[in-house]
Amino acid sequence: MAEHCGVAAVIIGRNEGERLVACLASLAGQAAPIVYVDSGSTDGSTDVARARGAEVVTLDTALPFTAARARNAGAEHLAAHEELPEFIQFTDGDCVLDAGWIDTALAAFRSDPDLAVVCGRRREMQPGASLYNRMIDLEWDTPVGDARSCGGDALMRWRAFREAGGFDPTVIAGEEPELCVRLRQAGWRIRRLDAEMTRHDAAITRFGQWWRRAQRAGYAYALGAARHGAPPERHYVPELRRALGWGLALPLAVLLGVLISPWAWLGLALYPAQILRLAARDADLPRAALLVVTKFAEASGALRYAFDRASGRAARIIEYK
């Protein structure tokens with residue numbers, strides 16, 4: 001497979017082990033140079049990447065790690081090259097790139113000069129391994145066509161990325177949608193193609209992992225709404241309202257109501273009613289139940305953001321694996 005002229009790649013990771021090996025192998029011949037940005041690995045990931053021809057950037061461990069910071073570091077490394085790329089394929093070290101993805105994405109870019117970002121279908125490698133993996137696989141299945149945002153795997157036009165100022169390193173979660181807001185405000189477009197892009201290994205088998213991942217989502221909702229929640233964007237405002245409504249406002253209302261009348265406990269019946277409503281819509285009772293429980297984790301993540309902001313405490317990444 002011939003390397004695509006003008007397409008570079010930035011991989012970010014930490015202790016990905018064999019997943020990084022597979023990621024690097026999938027990018028070989030599809031992009032050059034390949035930059036691997038390491039966030040404090042202790043499993044020899046940097047040596048593995050160098051041995052497979054990647055250029056390695058190691059982040060300073062004295063500063064908090066974020067995906068945004070890592071991706072920016074990779075882009076800055078590319079900017080030091082004599083020949084700048086036209087496109088950057090961003091991907092996470094626990095993902096494998098589809099063999100035909102770059103060709104498909106480049107065709108979309110050639111047909112529309114206003115495109116800044118092109119993404120495709122990200123799938124879970126083992127959706128049947130746990131309910132959590134299956135939930136994530138369904139989460140990745142977003143509508144095809146013009147989109148408001150992308151995820152961590154995407155092919156981006158270098159010029160658009162640089163003009164927008166790259167990722168915001170202070171955003172510890174939801175950094176890709178936040179960048180896409182600024183890209184769209186600058187007149188660029190984002191598109192999701194009906195094409196296979198990457199296979200991802202979430203490796204979530206425990207409820208605690210899922211809870212922390214949902215907390216991170218809630219943090220992202222609160223941060224995103226604070227940054228871009230004003231009309232007409234309303235970035236993450238609906239998601240934040242649902243999280244706070246089900247995960248905080250309703251239980252507080254019930255507890256306060258009980259002080260007046262024991263009948264207020266009936267308000268908790270709204271939770272099984274919501275589970276049944278979601279199950280009827282999706283024909284999946286376990287998934288519906290987990291979706292409702294997840295709102296409590298998201299609400300706690302949003303409260304964590306509010307505390308960090310009020311106290312002036314530096315945000316720290318919420319890791320789930």
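## Basis of the description

Helices (H or I, at least four residues) and strands (E, at least two) are DSSP runs, numbered from the N terminus. This is a predicted model, in which local features need pLDDT of at least 70 and side-chain atom pairs count only at pLDDT 80 or more, while totals for chains, interfaces and linings use all residues. Residues are numbered from 1 along each chain as its sequence is written, and side-chain values use heavy atoms, with hydrogens and water left out.

## Helices α1 and α2

Helix α1 spans residues 18–27, and its buried residues are Leu20, Val21, Cys23, Leu24, Ser26 and Leu27. Here buried means under 20% relative accessible area, exposed means over 50%, and partly exposed lies in between (1.4 Å probe, protein chains only). The buried residues of α1 pack against the strands β1 (7–13), β2 (34–38), β4 (87–92) and β5 (95–97), and also against α2; contact means heavy atoms within 4.5 Å. Just after α1, Gly29 takes a positive phi of about 85°.

Helix α2 covers residues 45–51 and includes Ser45. Ser45 is buried, with a relative accessible area of 3%. Not counting residues up to four places away in sequence, Ser45 touches Asn15, Glu16, Gly17, Leu20, Tyr36 and Asp38. Also in α2 are Arg50 and Asp47, which lie three residues apart, about one turn of the helix. Arg50 forms a salt bridge with Asp47, and their closest N and O atoms are 3.9 Å apart. A salt bridge is a side-chain nitrogen of Lys or Arg within 4 Å of a carboxyl oxygen of Asp or Glu. Arg50 is partly exposed at 47% relative accessible area, while Asp47 counts as exposed at 53%.

## Nonpolar cores

A nonpolar core is a set of buried Ala, Val, Leu, Ile, Met, Phe, Trp, Tyr and Cys residues joined through side-chain atoms within 4.5 Å. The largest such core has 58 residues, and those with the most contacts inside it are Val37, Trp101 and Leu155. Leaving aside neighbours within four places in sequence, the residues in contact with Leu155 include Val7, Phe87, Ile88, Trp101, Ile102, Phe109 and Val118. Apart from this core lies another, of 15 residues, among them Tyr219, Ala220, Leu223 and Tyr236.

Ile102, one of the residues in contact with Leu155, is found in helix α4 (residues 101–111). Ile102 counts as buried, at 0% relative accessibility.

## Helix pairs

The axes of helix α5 (residues 131–140) and helix α11 (residues 285–311) come within 11 Å and cross at roughly 80°. Axes are lines fitted to C-alpha atoms, for helices over the stretch in contact, and angles run from 0 to 180 degrees between N-to-C directions. Angles under 35 degrees count as roughly parallel, over 145 as roughly antiparallel, 65 to 115 as roughly perpendicular and the rest as oblique. Helices α5 and α11 are therefore roughly perpendicular to each other. In this pair, Leu131, Tyr132, Met135 and Leu138 of α5 meet Pro286, Arg287, Leu290 and Leu291 of α11. The residues of the contact comprise seven nonpolar, no polar and one charged. For these classes, Ala, Val, Leu, Ile, Met, Phe, Trp, Tyr, Cys and Pro count as nonpolar, Asp, Glu, Lys and Arg as charged, and the others, Gly among them, as polar.

Helix α9 (residues 237–258) and helix α10 (residues 270–282) pack at an angle of about 150°, with axes 12 Å apart. That angle makes α9 roughly antiparallel to α10. Trp246, Leu250 and Pro251 in α9 meet Leu270, Tyr271 and Gln274 in α10. This contact has five nonpolar residues, one polar and no charged.

## Salt bridges

The structure holds 25 salt bridges. One of them joins Arg121 to Asp141, with the closest N and O atoms 3.5 Å apart. This pair links distant parts of the chain, 20 residues apart: Arg121 is in strand β6 (residues 115–124) and Asp141 in the loop between α5 and β7 (145–147). Arg121 is buried, with a relative accessible area of 7%, whereas Asp141 is partly exposed, at 47%.

Arg313 forms a salt bridge with Asp308, and here the closest N and O atoms are 2.6 Å apart. Arg313 is partly exposed at 45%, and Asp308 counts as buried at 4%. Salt bridges that share partners also join Arg71, Asp92, Arg122, Asp153, Glu175 and Glu176 into one network.
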